[in-house]
Structures are given as structure tokens and as C-alpha cells.
Amino acid sequence: MDEVLARAEEAGKVSGDAELTARAAEAATWAREERRKIPLIGAERAVVLQLLHLSAEPSARIITWERDSVVLHCAMEAERCVGVYLVGRAREGRVLNAPEQAEQTAALLTQALGQPAQLPAPPAREGGRVPTTSSWKAGEVPVVARWRSSDLMELRVGSVKP
């Protein structure tokens with residue numbers, strides 16, 4: 001997919017050919033969509049590294065990927081990703097469902113699962129208290145969200161402990 005995406009983006013830069021530019025844009029969109037369908041959970045180490053555009057870490061138990069506002073940790077066992085942990089990168093930007101982080105967090109959750117995923121809604125009050133966690137399954141993959149009031153503080157996907 002990376003090769004198709006690179007070639008499509010390269011072809012889209014050719015000036016003067018509107019049809020080629022349009023087809024290149026379509027191919028790039030298709031490649032991005034197909035790439036998002038490859039889940040991190042269950043993927044072999046080489047696939048995880050490729051999806052996250054990281055260089056090889058031959059024996060790391062935890063593979064870490066950082067962006068502007070979100071950090072993703074992949075827990076590896078027997079050379080496969082068994083879980084993904086998402087948390088805000090900076091102390092002042094820990095809230096994953098804040099406007100600055102929400103889009104990137106949803107994209108990473110989608111990549112972790114290999115299927116479209118929305119960020120969860122804050123849990124409803126129970127007996128006057130707001131729960132600190134919520135959980136669900138995406139197919140067979142367990143997902144746990146940790147909350148501080150209505151702020152999403154972390155996501156655990158699959159078998160991972162922070």
C-alpha cells in the first residue's frame with residue numbers, strides 16, 4: 001500500500017494533465033483506506049513497524065509511536081501485537097477526546113482495530129457518580145476507556161496493561 005500511495009502521490013504532482021491528477025488522487029485515497037483496514041492488533045512485528053513508519057526494533061516488548069498530541073504503545077508477544085495503549089502525549093494535552101486530539105485518536109483507534117471506529121461517548125452517571133471506565137468489544141477485541149469526568153484519558157485495545 002505504501003508503494004501504491006507513493007506512486008499515486010508522485011503521479012498527482014505531474015502538472016498539466018487533469019485526468020492523471022484526478023486518477024492519482026483516487027488511487028491515493030484508495031491506498032490510504034486500504035492501509036487503515038490492516039489492524040495493529042494481531043499483526044506481526046514487521047507489519048506494525050511498517051504501518052507506523054518505524055525502523056526495526058528487533059526485540060522490544062513495547063513499540064512506541066509518538067505524534068504531536070497522542071502516544072501509541074503496541075504490546076508485543078511472540079512477535080505479534082497483542083494490545084495497543086493510547087494516551088495523550090503532553091501533560092497539558094492528555095485528554096484524548098479534546099478537539100485537538102480527537103481526530104488523531106479516532107484514526108489510531110481505527111488503525112488498531114482495522115475497522116472504522118468512533119471515540120466512545122462519556123459514560124452516564126450511575127447513582128450520582130460518573131464511572132471512571134467503560135468497556136466494550138469491537139468484534140472479538142476488548143476495548144477499555146478510562147475517564148476523568150467526561151474527559152477520555154486513555155484507551156486500551158486488546159491485551160495491554162499501562
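Predicted model: local features only at pLDDT ≥ 70, side-chain atom pairs only at ≥ 80, totals over all residues.
## Overall layout

The protein chain holds four helices and six strands. Read from the N terminus, the order of these elements is α-α-α-β-β-β-α-β-β-β. The C-alpha trace spans about 65 × 35 × 30 Å along its principal axes.

Of the 162 residues in the chain, 38% count as buried. When contacts between residues at least 6 apart in sequence are considered, 44% of them join residues at least 24 apart. The side chains include 21 positive and 22 negative ones, and the centres of these two sets are 8 Å apart.

## Nonpolar cores

The largest nonpolar core is made of 30 residues. Within this core, L40, L72, C74, V84 and V157 have the most contacts. At least two core residues come from each of α3 (45-51), β1 (62-66), β2 (70-77), β3 (80-88), α4, β5 (141-148) and β6 (151-158). There is also a second, separate core of five residues, among them V71, A75, Y85 and V160.

Which residues does L40 contact, leaving aside neighbours within four places in sequence? The partners of L40 are V48, L51, L52, L72, C74, C81, V84, Q111 and A112. Of these partners, L72, C74 and V84 are themselves listed with L40 for having the most contacts inside the largest core.

## Helix α4

Helix α4 covers residues 99-113, 15 residues in total. From its first C-alpha to its last it reaches 22 Å, close to the 21 Å expected at 1.5 Å a residue. Just after α4, G114 has a positive phi of about 75 degrees.

The buried residues of α4 are Q101, T105, A106, L108, L109, T110, Q111, A112 and L113. Two of them, Q111 and A112, are in contact with L40. An α-helix has 3.6 residues a turn, so residues three or four places apart point the same way.

## T133 in strand β4

T133 lies in strand β4, which covers residues 133-138.

Not counting residues up to four places away in sequence, T133 touches A145, R146 and W147. T133 and R45 are 88 residues apart in sequence, and their C-alpha atoms are 29 Å apart in space.

Technical notes. Residues numbered from 1 in each chain as written. Heavy atoms only, no water. Expected span 1.5 Å × (residues − 1). Buried < 20%, exposed > 50% of the residue type's maximum accessible area, 1.4 Å probe, protein only. Contact = heavy atoms within 4.5 Å. Lys, Arg positive; Asp, Glu negative; His and termini not counted. Charge placed at Lys NZ, Arg CZ, Asp CG, Glu CD. Core = buried A, V, L, I, M, F, W, Y, C linked by side-chain atoms within 4.5 Å.
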